[in-house]
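Have the model open while you read.

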Amino acid sequence: MTLSTPSQAPVSAAPHCPEDAAALAGPAPAPGPAPSPPEPRTPGRYARLPLLAGRSFIPLGLFARLPLAMLTVGALTLVTAVTGSYAVGGMAAGAVGIGSALGAPILGALADRRGQRPVLVVAAVFNTVAVITLILAAYLIPGGQDLAAAVPVLMAAFVAGASCPQVGPLARVRWMALTSRGGCNAEPADLDTALSYESTADELTFVLGPALVGILASLVAPWLPLALAAVLTITLVPAFAVHPTHHAVVRTPARTAAGAAREGQPRAARPAGQRAGAFAAVALPVLAMVCMGTFFGSTQTSLSSFSASFATSELAGLLYAVMGLSSAAAALSVAYWPQRFTANARWLACAALMAGLALLLLLPSTALPMILVLLVLGLPVGPLMVTVFAIGGLVAPAGKLGTVMTALASGIVAGTAIGSSIAGQLAQHQGYATAFLVPVCAATALFLLGAAAAVVLHRRNGTAAAG
């Protein structure tokens, strides 16, 4: 499956291709039979990614997104340790999540309009200042257990979340531009390979980030994880911003009044059903990511209640990591799935499998059976994330790819907060078994959204073909 957006065609020069010297130069072959030259060795799917983006892009993009994975848990750990209040710590973590969910699409829209490089550099500086302010506010504001006195801490947490650079979504935008150029380095399967890698990178950082926070906070000091996140942001994000791959992404031209009027005329002339279909084509993947985040947040919270029933709630992090690791491994496999297995079919198949496997969460009562369930449950999660991001890139309007990618990522953040809240209430009053029904419902909703997306995209493609 090749998904490309013509509006995102790169403006930079064609990608460098290793030239076959035997084909381009050399003396004319002597008459008579000659031994056939050995066939060039074709690199593997993932070995092709450095050929497209350069060797430094992959490790840079991986570690530059780590601060985002550390920020929410880091704020929770710091504020709880300083104030002694789980309520204030939880509100600080929630403020980070809300800020990120609201700020991510704004940063994406600015990156579409102004270019990724200046937006990422400014966001890195601003976010570093915001994180340092959060650390200072947590220690300097007296009366931390009083919610009114903690307002400065909550405001700093919100700003830190809103300004956090969206490296992961913007890296996907770069991959989509690089693989849509159609040059000699691009192949039909490259986009699936790149998006599979990106989902794996997200999974790994969101497993590694909280673990790193816990280790540093417990062994050294609760402020150290956030300080490290600030250092990583101010050093790695600007390096990612100026990486040559940013040239592949075309900026959306600034809109003038006359241009807006010209664009509005054909949009207004389109039938209402067609406009609604275009909106639904983008809204359904975003809603799917909200459901995905709800699945994540409710599973993690339910596991906390589950592990507290026979051990300690801290065991939940290790249990949740099992699902993250199997999900990351499965995401890598998408690059090798047959091209005839379409994105819509993948969405439906993975969501149906998720919903069925999520019912197994209701069965275990001890750690070992739950580990086995989570190991299997993670298998459809990674491929589904790859698929929804790919469809989001396909349906993104011209010049809005960064906006859509960051909206998908912020949907996960918002959904995580929703799932954690609902499952927490159910676990508190009804027990962990009832709380585990939330991820089951979230996975079922993902299947229904996939069915709706299949209908919308079929009609959209039919309309485009007719036009």
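## Cysteines

Keep in mind that this is a predicted model. The count of disulfides comes to zero. A pair of cysteine sulfur atoms would have to lie within 2.5 Å to be counted. Cys 164 is buried, at 2% relative accessible area. Cys 291 also counts as buried, with 16% relative accessibility.

## Aromatic pairs

Nine aromatic pairs turn up in the structure. One of them joins Tyr 46 to Tyr 336, with 6.1 Å from centre to centre and 55° between the planes, a tilted arrangement. Tyr 46 belongs to the loop between α1 (21-24) and α2 (49-53), and Tyr 336 to the loop between α13 (315-333) and α14 (343-358), so this pair ties together parts that are 290 residues apart in sequence. Tyr 46 is partly exposed at 21% relative accessible area, while Tyr 336 is exposed at 53%.

Trp 337 and Phe 341 make a stacked pair, because their ring centres are 5.7 Å apart and their planes meet at 20°, and planes under 30 degrees apart count as stacked. Trp 337 is partly exposed, with a relative accessible area of 23%, and Phe 341 is partly exposed at 26%.

Elsewhere, ring pairs link Phe 306, Phe 310, Tyr 432 and Phe 436 into a cluster.

## Charges over rings

Arg 172 places its charged end over the ring of Phe 389, 3.7 Å from the ring centre. The charged end of Arg 174 sits over the ring of Phe 240, at 4.1 Å from its centre.

Technical notes:
Residues numbered from 1 in each chain as written. Predicted model: local features only at pLDDT ≥ 70, side-chain atom pairs only at ≥ 80, totals over all residues. Heavy atoms only, no water. Buried < 20%, exposed > 50% of the residue type's maximum accessible area, 1.4 Å probe, protein only. Phe/Tyr/Trp six-rings, centres within 6.5 Å; stacked < 30°, edge-to-face > 60°. Helix = DSSP H or I, 4+ residues; strand = E, 2+ residues; numbered from the N terminus. Lys NZ or Arg CZ within 6 Å of the ring centre and 35° of its normal.
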